[in-house]
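Visitor: I have a protein model open and would like to learn how to read it. Could we go through it feature by feature?

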Amino acid sequence: KLTGRKTGGTHIVIIEDRYFACACNQKDGIAYILGMDVTDLIAAGFIEPGKSKNERLGIYDRESGVAFLDSFLRGVSDNKRPPFTISYITLNCDAVDERDKDDYILDFVDVIINGIRGTDIFAYMDDNDFLILFPK
């Protein structure tokens, strides 16, 4: 049984009751799925595929980003989660014409999505601000 749900640049795919974070690429009518088994991370609450997304960007929204960060911080202090690295990015759009700003942000999001792992958390925080959590 193969089912899936899009989560930004990654899919959460369920195969025989196991969850996989996958980057999918379709070429010549064949879908190639490269990913890792994240069932144990989901069971431990490390990844929550049900979090809400920013519809326009296809990544987690501010509320979900803050919830993930809070969860990670509580988990590390309780020694229940592995350490993680946090990156807070403010995208400089000053030199970009207002008409092109949306495309500029979408291009940035696409580059980040294609460069991070399926277990990393990427969230749109506000205006030009983004949060990435990199679990170790």
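Visitor: What share of the residues in the chain is buried?

Guide: This is a predicted model, and in it buried residues make up 38% of the 136 residues in the chain. The accessible surface of the chain comes to about 8400 Å², and carbon and sulfur atoms account for 50% of that surface.

Visitor: How many helices and strands are there in the chain?

Guide: The chain has 3 helices and 9 strands. Read from the N terminus on, their order is β-β-β-β-α-β-β-α-β-α-β-β. As for contacts, take those between residues at least 6 apart in sequence: 43% of them join residues at least 24 apart.

Visitor: How do I read a helix? Which residues of H2 are buried?

Guide: The general idea comes first. An α-helix has 3.6 residues a turn, so residues three or four places apart point the same way. Now the case here. The buried residues of H2 are Ser64, Gly65, Phe68, Ser71, Phe72 and Gly75. Viewed down the axis of H2, these buried residues fall within an arc of 130°, so they line one face of the helix.

Visitor: What covers the buried residues of H2, and which exposed residues sit on the face turned away from its buried side?

Guide: The cover includes strand S6 (59–60), strand S7 (84–90), strand S8 (121–126) and strand S9 (129–135). The face turned away from the buried side of H2 carries the exposed residues Glu63 and Ser77.

Visitor: How far apart are the end C-alpha atoms of H2, and what span should its residues have?

Guide: Helix H2 covers residues 62–77, which is 16 residues, and at 1.5 Å a residue it should span 22 Å. Its end C-alpha atoms are 23 Å apart, which agrees. After H2 comes Asn79, whose phi is positive, near 60°.

Visitor: Now a loop residue. Where is Ser52, and what does Ser52 touch?

Guide: Ser52 is in the loop between helix H1 (39–43) and strand S5 (53–54). Its relative accessibility is 33%, so Ser52 counts as partly exposed. Leaving out residues up to four places away in sequence, Ser52 touches Tyr60, Asp61 and Ser64. The C-alpha atoms of Ser52 and Arg62 are separated by 9.0 Å, and these two residues are 10 residues apart along the chain.

Visitor: What about the loop between S8 and S9: are Asp127 and Asn128 buried or partly exposed?

Guide: Both Asp127 and Asn128 lie in that loop. Asp127 has 44% relative accessibility and therefore counts as partly exposed. Asn128, at 11%, counts as buried. Asp127 also has a positive phi of about 45° although it is not a glycine. Not counting residues up to four places away in sequence, Asn128 touches Ile89, Thr90, Leu91, Cys93, Lys101 and Ile105.

Visitor: How do I read a nonpolar core? Which residues of the largest one touch the most other members?

Guide: In soluble globular proteins, nonpolar side chains tend to be buried together. Here the largest nonpolar core has 13 residues, and those touching the most other members are Leu57, Ile59, Ile105, Phe108, Val109, Phe122 and Phe130. Helix H3 (101–115), S8 and S9 are the elements that give two or more residues to this core. H3 gives the most, with 5 residues. Leu57 touches Ile105, Leu106, Val109, Tyr124 and Phe130, not counting residues up to four places away in sequence. Apart from this core lies another, of 9 residues, among them Tyr60, Phe68, Leu131 and Leu133.

Visitor: How many aromatic pairs are found in the whole structure?

Guide: A pair of aromatic rings is described by the distance of the centres and the angle of the planes. A search of the whole structure finds 4 aromatic pairs. The rings of Tyr60 and Phe68 have centres 5.0 Å apart and planes at 70°, so that pair is edge-to-face. Tyr60 and Phe68 are both buried.

Visitor: What kind of pair do Phe108 and Phe130 form?

Guide: Their ring centres are 5.0 Å apart and their planes lie at 55°, so the pair of Phe108 and Phe130 is tilted. This pair links distant parts of the chain, with Phe108 in helix H3 and Phe130 in strand S9, 22 residues apart. Phe108 and Phe130 are both buried. Phe108, Phe122, Tyr124 and Phe130 form one aromatic cluster.

Technical notes: Residues numbered from 1 in each chain as written. Predicted model: local features only at pLDDT ≥ 70, side-chain atom pairs only at ≥ 80, totals over all residues. Heavy atoms only, no water. Helix = DSSP H or I, 4+ residues; strand = E, 2+ residues; numbered from the N terminus. Buried < 20%, exposed > 50% of the residue type's maximum accessible area, 1.4 Å probe, protein only. Contact = heavy atoms within 4.5 Å. Areas by Shrake-Rupley, 256 points an atom, 1.4 Å probe, with all protein chains shown as cover. Expected span 1.5 Å × (residues − 1). Arc of directions from axis to C-beta. Core = buried A, V, L, I, M, F, W, Y, C linked by side-chain atoms within 4.5 Å. Phe/Tyr/Trp six-rings, centres within 6.5 Å; stacked < 30°, edge-to-face > 60°.
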